[in-house]
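Biologist: I would like to go through this model and hear what each term rests on. Please show the chain.

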Amino acid sequence: MELRHLRYFLAVAEERNFTRAAERLAIAQSPLSQQIRQLERDIGVVLFTRTTRSVALTYAGEVFLHRARTLLAEAEIAADDARKAATGQLGSLSVGFTGSATYELLPTLVRAYADRYPDVTLEVHSDMVTPRQTEHLLDGRLAVGVLRPPVAVRGLAVETIRQEPVVIILASRHAATVHRSLDLADLRDEWFISYPSDPPSTMYSIMRSACETAGFTPRIRQTVADSAALVALVAADMGIALVPASLRHLHINGATFRPLRSPALTTGLALAYRETDISPLVRRFIDTARTVVRSRTTVETPTPPPTHDDERYGIDF
């Protein structure tokens, strides 16, 4: 029994006439009759009662009609799903986001992707530092990573899609918040809250290099991989930190951001994926990410309620 047999049967069952069914199928009546008889022999039951004037379904034919319709509908769905999967419009995609991208880019990008490809299930893994993402990309737990370059890992393709400033985050009660911007050298005696150093995250490397360029080695009080925990510790006045400007989208009371006057630092945001596994799903996600980032030529930074010092100095962080 083949799908064409089911289609022939369905046409005859709905038309109740071999001549009309043959016209509907664009075949001759004689081959159609032969195919229906072959179908009946294959399944071992009579599906139609035939007279010179009429064609009617037997009880077995009525039961078979319901199943035939279901099978044909499922076959169409299967074919449609296969076409969608081949073009990246159906399936499941695991994506990792670095901390600051979790709070700024993730909502817009995921919404845009879901609007374009509603039949794809996104498995989002948020607030992942770059070393962890590269590990998960290589072993297949992630298909795409939104992370901080540089990434020099064999087997991964990396495309930088944006640069953004690095800023200083301090407790709102910190004395340095009276300044509109800060020099890193003036903060040499402060404790720092840091992203992981083993293996070194991108922001740890940026912070360490910047402090050494400014003439000192940072005193690290605590290391955390979670951006929300980092901001919370700064808000608790446990130390200061260097972070991407987009982390300002994570609003925690007691934390204040200030631009870094010297040195002027930036950090990139990149897409990473396995070079040998550029599936249609991955391609479409990358295309969507490029479009979203291009449409956001500046980082959207909604302004939290200002502190007293912010009002005094007109600071919009």
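Modeller: This is a predicted model. One place to begin is H7, whose buried residues pack against S3, S5, S6, H8 and S12.

Biologist: Which residues of H7 are the buried ones?

Modeller: In helix H7 (residues 130-138) they are Thr130, Pro131, Gln133, Thr134, His136 and Leu137. After H7 comes glycine 140, with a positive phi near 90°.

Biologist: What makes S3 and S5 a pair of strands?

Modeller: Strand S3 (residues 91-97) and S5 are joined by 3 bridges and run parallel. Pairing requires at least two bridges, so the term applies. Within this pair, glycine 96 has glycine 145 of S5 as its bridge partner.

Biologist: Which strand is joined to S5 in the antiparallel sense?

Modeller: Strand S12 (residues 266-274) is, again through 3 bridges. Glycine 145 stands opposite alanine 272 there. As for the side chains of S5 (residues 144-147), Val144 and Val146 point one way, Gly145 and Leu147 point the other way, and all are buried.

Biologist: How many bridges join S6 to S12?

Modeller: There are 9, and the two strands run antiparallel. Glutamate 159 faces leucine 271 of S12. S6 is also joined to S10 by 4 antiparallel bridges, with valine 166 opposite proline 244. With S11, S6 pairs in the antiparallel sense over 5 bridges, and isoleucine 168 has arginine 258 as its bridge partner in S11.

Biologist: Why is arginine 258 called buried?

Modeller: Its relative accessibility is 0%. The cut-off for buried is under 20%, so arginine 258 qualifies.

Biologist: What lies by the polar atoms of the side chain of arginine 258?

Modeller: The backbone oxygen of threonine 177 is 2.9 Å from a polar atom of that side chain. For the backbone oxygen of histidine 179, the separation from a polar atom of the arginine 258 side chain is 3.1 Å. Polar contacts are counted within 3.5 Å, and both values meet that limit.

Biologist: Is serine 246 buried or exposed, and why?

Modeller: Serine 246 is buried, because its relative accessibility is 0% and the limit is under 20%. Serine 246 is placed in the loop between S10 and S11.

Biologist: What makes the link between serine 246 and serine 100 a polar contact?

Modeller: The side chains of serine 246 and serine 100 are joined at 3.4 Å.

Biologist: Why is alanine 176 called buried, given a relative accessible area of 11%?

Modeller: The value of 11% is set against a limit of under 20%, so alanine 176 counts as buried. Alanine 176 lies in the loop between S6 and strand S7 (182-183). Leaving out residues up to four places away in sequence, alanine 176 touches Leu170 and Leu182. The C-alpha atoms of alanine 176 and arginine 274 are separated by 44 Å, and these residues are 98 apart along the chain.

Biologist: Which members of the largest nonpolar core touch the most other members?

Modeller: They are Ile169, Leu184, Leu230, Leu242 and Val243, out of 36 residues in that core. Elements giving two or more residues to this core include strand S6 (156-171), helix H9 (227-235) and strand S10 (241-244). H8 gives the most, with 6 residues.

Biologist: How do you know what leucine 230 is in contact with?

Modeller: The test is heavy atoms within 4.5 Å. With neighbours within four places in sequence left aside, leucine 230 is in contact with Ile193, Ser194, Tyr195, Val224, Ala241 and Val243. There is also a second, separate core of 25 residues, including Leu106, Val144, Tyr273 and Val293.

Biologist: Which residues are closest to the centre of the largest cavity?

Modeller: Of the 15 residues lining the largest cavity, these are Thr98, Gly99, Val129, Tyr195 and Met203. Helix H5 (99-103) and H8 are the elements that give two or more residues to its lining.

Terms used. Residues are numbered from 1 along each chain as its sequence is written. This is a predicted model: local features need pLDDT of at least 70, side-chain atom pairs count only at pLDDT 80 or more; totals for chains, interfaces and linings use all residues. Side-chain values use heavy atoms; hydrogens and water are left out. A nonpolar core is a set of buried Ala, Val, Leu, Ile, Met, Phe, Trp, Tyr and Cys residues joined through side-chain atoms within 4.5 Å. Buried means under 20% relative accessible area, exposed over 50%, partly exposed in between (1.4 Å probe, protein chains only). A polar contact is a pair of N or O atoms within 3.5 Å; within protein, one must be able to donate a hydrogen and the other to accept it, and residues adjacent in sequence count only if both atoms are side-chain atoms. On a 1 Å grid over the protein atoms alone, a cavity is a set of points where a 1.4 Å probe fits but cannot get out, and a pocket is an open set with protein on both sides within 12 Å along at least five of seven lines; lining residues have an atom within 4 Å of a point.
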